[in-house]
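I opened my notebook to write down what I looked up in this structure, entry by entry.

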Amino acid sequence: MMRLLRVYALFVALVAVTPAALLAQPQPPKEFVPVDDIPPGEQIPAINMVAAAYGFVWVAVLGYVWSIASRLKQVESELTELESRKR
């Protein structure tokens, strides 16, 4: 019974708070408003981040290809060794 009362109280609180919270939020502008005054501390140099991301991806791809190539060489040498034992 006490648990049901708690659930009911929580439901009532959520129903009462939700419309008030939605009304308290400011409405977004109807059209695009450019931001002209950005402090220098909040500006992010995008080119550095894009270059770092591309560099990371290329290093990861080249590392993966190198890993595959080295494992393939190892398998080929083992296969050659097994073929020579068979004969």
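This is a predicted model: local features need pLDDT of at least 70, side-chain atom pairs count only at pLDDT 80 or more; totals for chains, interfaces and linings use all residues.

Residues are numbered from 1 along each chain as its sequence is written, and side-chain values use heavy atoms, with hydrogens and water left out.

**The chain.** I found two helices and zero strands in the protein chain, where helices (H or I, at least four residues) and strands (E, at least two) are DSSP runs numbered from the N terminus. Of its 87 residues, 0% are buried, a word that means under 20% relative accessible area, with exposed over 50% and partly exposed in between (1.4 Å probe, protein chains only).

**Helix 2.** I looked up Ile68 and found that this residue lies in helix 2, which covers residues 46-86. Ile68 is partly exposed, because its relative accessible area is 37%.

**The salt bridge.** I searched the whole structure and found one salt bridge, meaning a side-chain nitrogen of Lys or Arg within 4 Å of a carboxyl oxygen of Asp or Glu. The side chains of Glu81 and Arg85 form this contact, at 2.8 Å from N to O. Both residues lie in helix 2, and Glu81 and Arg85 are four residues apart, about one turn of the helix. I noted that Glu81 is partly exposed at 41% relative accessible area, whereas Arg85 counts as exposed at 59%.
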